[in-house]
Amino acid sequence: MSGERPVGTRRARAGDRLLHLYTWLIIIWLSSPIAVMIMFGFNDKQSKSNTTWQGFTLRWYAELFELSDLTTALLNSLVIALVSTALTVVVGTMLGLALGRHRFRGKSVTNFLIFAAISTPELVMGASLLSLFVSGNVPRGAVTIVVAHVLFSLSFVVVTVRARIVTLDPSLEEAARDLGATAWGTFRQVTLPAIMPGVLAGGMLAFALSIDDYVVTSFVNGSTVTFPLWIVGAVKTGVPAQVNVMGTLIFGVGVLIAVGNAVAARRRA
Amino acid sequence: MTGLSAIELEDVVKEYHSHGEVVQAVRGVTLGIEEGEFFSLLGPSGCGKTTTMRMIAGFEAPTKGVVRLHGQDVTGVPPNKRDINMVFQSYALFPHLSVWDNVAFGLRQRRTPKEEIDRRVGEMLEIVDLAERGRRMPRQLSGGQQQRVALARALVNRPRALLLDEPLGALDLKLRQAMQIELKRIQREVGITFVYVTHDQGEALTMSDRIAVMNDGVVEQLAGPREIYERPASAFVAGFIGTSNLLSGSATGGELAIGGGRVLVPGHDGDVTVTVRPEKITIGTDEPARDCSAVRGTVAEVVYLGTYNSYAVSLADGAEITVFQQNVHDATATAERGDSVWLSWRAQHSYVIGS
Ligand SMILES: Nc1ncnc2c1ncn2[C@@H]1O[C@H](COP(=O)(O)OP(=O)(O)OP(=O)(O)O)[C@@H](O)[C@H]1O
Ligand SMILES: [Mg+2]
């Protein structure tokens with residue numbers, strides 16, 4: 001195109017460039033910690049600390065499970081995340097359905113509590129859970145961690161499921177009943193497929209919240225050590241590069257799930 | 001009523017409680033629907049048609065009264081245990097299932113053998129002319145096609161009765177008319193009872209064997225289309241079905257003196273309300289014969305409507321009468337605005353409401 005262009009177009013071009021620049025800056029800003037984490041998993045470090053680049057190695061991948069307490073902590077975190085996610089999804093879906101569909105005594109109180117659980121600061125939640133467990137004489141450990149994680153991630157599942165259910169045409173469920181489906185059959189064949197995106201989104205959020213929670217977990221863990229707790233404990237003496245590798249792998253799985261989800265969504269559309 | 005009714009409602013009442021108020025959606029409906037009949041529930045919006053149908057389907061329990069299906073009291077029987085199916089106004093097709101799976105849904109709930117499902121679903125898609133569309137998803141279909149899937153999904157179960165709640169409401173006029181014919185054909189083909197909800201009187205008149213005209217939660221008249229049109233049981237029915245002129249007054253000696261003329265009501269005395277259809281009335285300038293009903297008036301409005309003219313004629317006492325006159329002779333109107341005219345009709349064309 002020639003150099004003669006209206007002022008408006010030129011200004012629009014400049015605006016476009018600025019937008020591109022801005023977008024890239026945001027992307028770099030968001031991904032730089034991840035890039036650094038991945039990179040330092042390949043750092044051939046000699047000292048305890050892992051903060052300066054000293055050359056490329058695959059050693060940490062080979063020795064991934066050499067540090068047994070770290071491995072235990074990671075396994076603890078994975079098990080706790082899986083169990084609390086499963087519980088959260090089941091309880092949260094039922095609550096979301098009840099809140100989205102039915103009228104019952106205490107509904108508005110429940111709605112308020114759901115909101116309150118999202119907005120409560122983690123420190124407050126952790127401290128009050130601890131005093132609850134102490135005063136109830138509940139031994140702290142994996143079980144109390146699971147209870148705590150279900151508590152803070154429940155609301156997210158409830159909110160995503162409720163959002164799906166209120167947009168679901170109730171006559172779909174009536175049609176299923178009319179065609180001979182039992183109450184359970186209707187739920188399984190009609191309601192569940194309709195709310196599934198909400199259930200999955202809530203479940204993924206619950207898993208993500210659980211696997212890297214530090215604050216609440218640190219109050220109620222007793223002697224059980226999770227992945228984030230172990231890392232924070234190791235900061236003083238220097239974080240081993242295996243942590244970066246594990247972080248990279250967890251991130252990789254997350255990316256795979258996100259990509260799979262996007263592909264499935266595109267195929268559905 | 002002869003024989004066993006397919007569907008029977010006995011003094012059925014339905015009350016809803018909303019915000020501390022009691023709404024009577026249905027206030028005492030009694031009716032019997034015969035096996036194999038095309039039966040319509042017709043009435044204005046909010047008169048309780050859907051509520052009545054939902055009680056038959058089992059989605060709502062009557063507050064009072066009894067619903068019987070094929071002679072059996074079905075109080076407390078859930079919808080999935082009733083041998084009837086429903087076509088929803090919104091179609092309610094399962095969005096995550098293909099056309100084929102939608103239609104197969106009911107048979108699968110009954111654990112029908114696979115070969116039989118395949119055969120019956122295939123046949124049914126053939127009947128509704130969607131044999132090539134089995135693998136489509138519902139949202140990839142047009143409104144009319146979705147409508148036919150909904151119909152197939154219900155009919156494939158061979159219910160003893162099919163309930164249709166304004167099934168053509170969302171379609172445009174052309175498609176509506178095509179589907180009316182289609183529905184009638186399918187009903188004849190499968191030979192089961194159809195209960196059809198509509199607020200479109202034309203639709204009800206053309207399709208039904210019998211019609212229950214509902215108003216404000218009660219059935220005002222239950223009869224065949226011709227009877228309902230010719231002999232409306234109430235002023236409401238007369239006004240709701242087509243256009244109709246209502247004349248009231250006190251009759252003496254079988255005559256109602258009105259608008260400088262008389263309306264013949266043989267055998268009636270005292271206060272009466274008479275209805276006359278606009279197409280039965282002749283408009284003219286000469287005084288009509290003694291054996292006709294005849295009134296005088298002034299033409300207030302002439303509207304050219306293609307195949308006929310519509311006249312609004314004001315009588316001396318202020319009443320207004322609508323007259324339809326076919327454009328058979330020539331394009332010029334019989335009367336002009338402001339003309340003083342005679343309106344006349346045969347005695348048998350005025351019908352005394354409630355007689
Ligand atoms: N769940 C409900 N709660 C409260 N009132 C209701 C409920 N369902 C229906 N009603 C009321 O009952 C009356 C009859 O409703 P219904 O849906 O049966 O009317 P309809 O004849 O089907 O009307 P339309 O032609 O508009 O569909 C209406 O006044 C409506 O507001
Ligand atoms: Mg309705």
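Analyst: Domain bounds are taken from an automatic or database domain assignment. On that basis, chain B is divided into domain 1 (5-236) and domain 2 (244-352). This is a predicted model, in which local features need pLDDT of at least 70 and side-chain atom pairs count only at pLDDT 80 or more, while totals for chains, interfaces and linings use all residues. Residues are numbered from 1 along each chain as its sequence is written, chains are lettered from A and ligands numbered from 1 in the order in which they are written, and side-chain values use heavy atoms, without hydrogens and water.

User: How do you know that domain 1 of chain B and domain 2 of chain B are in contact?

Analyst: Contact means heavy atoms within 4.5 Å. Six residues of domain 1 of chain B meet this rule with six residues of domain 2 of chain B. The centres of these two domains, taken over C-alpha atoms, are separated by 40 Å. The two domains bury about 580 Å² between them, 52% of it on carbon and sulfur atoms; buried area is the accessible area (1.4 Å probe) that two parts lose on being put together, summed over both. In domain 1 of chain B, the residues that lose the most area to domain 2 of chain B are B:Y229, B:E230 and B:P232, together 68% of what that side buries.

User: How is chain A divided, and what do its two domains bury between them?

Analyst: Chain A has domain 1 (1-44 + 53-62 + 241-269) and domain 2 (68-239). Their C-alpha centres lie 29 Å apart. Domain 1 of chain A and domain 2 of chain A bury about 700 Å² between them, with 87% of this area on carbon and sulfur atoms. On the side of domain 1 of chain A, A:V243, A:M246 and A:I250 supply 68% of the buried area, more than any other three residues. The number of salt bridges between these domains is zero.

User: What do chain B and chain A bury between them?

Analyst: The two chains bury about 1700 Å², 55% of it on carbon and sulfur atoms. B:N80, B:F105 and B:Q109 supply 29% of the area that chain B buries against chain A, more than any other three residues. The contact takes 24 residues from chain B and 16 residues from chain A. Between the chains there is one salt bridge: B:R54 pairs with A:E174, the closest N and O atoms being 2.7 Å apart.

User: Why is A:L30 called exposed?

Analyst: Exposed means over 50% relative accessible area, buried means under 20%, and partly exposed lies in between (1.4 Å probe, protein chains only). The relative accessible area of A:L30 is 55%, and A:L30 is therefore exposed. A:L30 belongs to helix α1 (residues 7-40) of chain A; helices (H or I, at least four residues) and strands (E, at least two) are DSSP runs, numbered from the N terminus.

User: What makes B:R176 count as buried, and what does B:R176 form with B:D200?

Analyst: B:R176 has 13% relative accessibility and so counts as buried, whereas B:D200, at 25%, counts as partly exposed. B:R176 forms a salt bridge with B:D200, with the closest N and O atoms 3.3 Å apart. B:R176 lies in helix α5 (residues 173-190) of chain B and B:D200 in the loop between β8 (193-198) and α6 (201-207), so the pair ties together parts that are 24 residues apart in sequence.

User: Why is it said that B:E8 and B:R68 tie together parts of chain B?

Analyst: The side chains of B:E8 and B:R68 meet in a salt bridge, at 3.6 Å from N to O. B:E8 is in strand β1 (residues 7-18) and B:R68 in strand β4 (residues 64-69), so the parts that are joined lie 60 residues apart in sequence. B:E8 counts as partly exposed because its relative accessibility is 25%. Over all chains, the structure holds 21 salt bridges.

Terms used. Salt bridge = Lys/Arg side-chain N within 4 Å of Asp/Glu carboxyl O.
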